[in-house]
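Q: Hi! Could you walk me through this structure?
A: Happy to, let's open it up.

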Amino acid sequence: MTQKNCYILGIESSCDDTAAAVINNGEIRSNVVATQAIHEQYGGVVPELASRAHQQNIVPVVHQALRIANIDKNQLSAIAFTRGPGLMGSLLVGTSFSKSLALGLGIPLIDVNHMQAHILAHFIKAEGQTAPNFPFLAMTISGGHTQIVKVTDYFEMEIIGQTIDDAVGEAFDKSAKILGLPYPGGPLVDKYAQQGNPKAFKFPKPKVGPMDFSFSGLKTSVLYFVEKEVAQNPDFISENIADICASIQFTIVDYLMDKLKNAVKKTGIKEVAIGGGVSANSGIRNALKEAEKKYGWKTHIPKFEFCTDNAAMIAMVGELKYKTQNFAENNVVASARMKF
Ligand code: KG4
Ligand code: ZN
């Protein structure tokens, strides 16, 4: 089969987004995501509700992805799906659906590691997006992940640092919740932060390994700080929201940059690629631009739709694996703790 008529369907269902996308020769023909609103009222993802919503969403989402790509399912060359890591109940929906569809159509099945996919999303051909050169450092920062990976080739990756507790997105969301902001609060913290003084209040940066992260202490210190201030002035939050958000954001971004600097120093690699929902943050974007000027780094951030959980990145990995006929057996099982 030539590259031209190779169409791969990617399916993602590892957490709370049901997604399907079609890739053709490195270009995304459709990228559909059904985000599950049900979790908002609980302030976080409820696994059982996520699995049920995936069950409801998966058929319409796949139909829509095929319709937008303007192809029939019989034109597909392979099905790529997220095998893990993620929530088991959520992964099972995408895995079972993909296995059945591949079997029914008589085409290969390709299993994809979600964390590798966040990194390989940088190789999607899209306007304004440049693929990094090997070797590079990839930092994936989202509501579910915080890790720094040394990437030597498409499938040669080594985790060199990661969180020992919460993910960075959780640190944003939990701090936002303490301030009475709705879930997910990260984007709102970012919005207020842009009008505030980042040095107004000081929060501690937890000490762990040089490239590892810990965020659970930050939310506790934000909580104690806010409780203490509100006891003296009930309007403290509303009167200082911009300064509080700017200070929290400054602490988090500075911490992420410290870890990246340590990774650059240790590996000697100055090409840095960022992915995951938190890469939308204005603070980290500005800090990376500054690092380009100050330290001569080369940095990459994919288009936002390829940063958050999406199936385009799964389809991208599918295409890379398809080229080397790296297929899964039909008895492949979902893996909640899948490693690289
Ligand atoms: O990648 P993503 O959509 O989903 C997963 O968690 O896998 O990331 C969502 C996370 C949430 O924690 C959200 O608050 C955070 O990304 N986020 C942000 C911003 N935009 C999204 N955090 C800080 N600043 C932002 N602008
Ligand atoms: Zn993810």
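Q: Where does Glu127 lie?
A: Glu127 sits in the loop that joins helix H3 (114-120) to strand S6. Helices here are DSSP runs of H or I with at least four residues, strands are runs of E with at least two, and both are numbered from the N terminus.

Q: Before we go on, what am I looking at?
A: This is a predicted model, where local features need pLDDT of at least 70 and side-chain atom pairs count only at pLDDT 80 or more, while totals for chains, interfaces and linings use all residues. Residues are numbered from 1 along each chain as its sequence is written, chains are lettered from A and ligands numbered from 1 in the order in which they are written, and side-chain values use heavy atoms, with hydrogens and water left out.

Q: Back to Glu127: buried or exposed?
A: Glu127 counts as exposed because its relative accessibility is 77%. Buried means under 20% relative accessible area, exposed means over 50%, and partly exposed is in between (1.4 Å probe, protein chains only).

Q: And what separates Glu127 from Ile110?
A: They are 17 residues apart along the chain, and their C-alpha atoms are separated by 27 Å.

Q: What about Glu170, where is that?
A: Glu170 belongs to helix H4. With 26% relative accessibility, Glu170 counts as partly exposed.

Q: Which residues does Glu170 touch?
A: Setting aside neighbours within four places in sequence, Glu170 is in contact with Ser142, Gly143 and Ser175. Contact means heavy atoms within 4.5 Å.

Q: Now Ile274: buried or exposed?
A: Ile274 counts as buried, at 0% relative accessibility. You'll find Ile274 in strand S9. Apart from neighbours within four places in sequence, its contacts include Met139, Leu260, Leu288 and Pro302.

Q: How many residues are in the largest nonpolar core?
A: That core has 46 residues, and those with the most contacts inside it are Met139, Leu179, Ile252, Leu256, Met257 and Leu260. A nonpolar core is a set of buried Ala, Val, Leu, Ile, Met, Phe, Trp, Tyr and Cys residues joined through side-chain atoms within 4.5 Å.

Q: How do the axes of H7 and H8 cross?
A: Their axes come within 10 Å and cross at roughly 40 degrees. Axes are lines fitted to C-alpha atoms, for helices over the stretch in contact, with angles running from 0 to 180 degrees between N-to-C directions. H7 and H8 are therefore oblique to each other. Angles under 35 degrees count as roughly parallel, over 145 as roughly antiparallel, 65 to 115 as roughly perpendicular and the rest as oblique.

Q: Which residues meet there?
A: Among them are Val253, Leu256 and Met257 in H7, and Ile284, Ala287 and Leu288 in H8.

Q: And how do the axes of H1 and H2 cross?
A: The axes of helix H1 (residues 47-69) and helix H2 (residues 88-105) come within 8 Å and cross at roughly 30 degrees. That makes H1 roughly parallel to H2. Residues making the contact include Ala50, Ile58 and Val62 of H1 and Val93 and Phe97 of H2.
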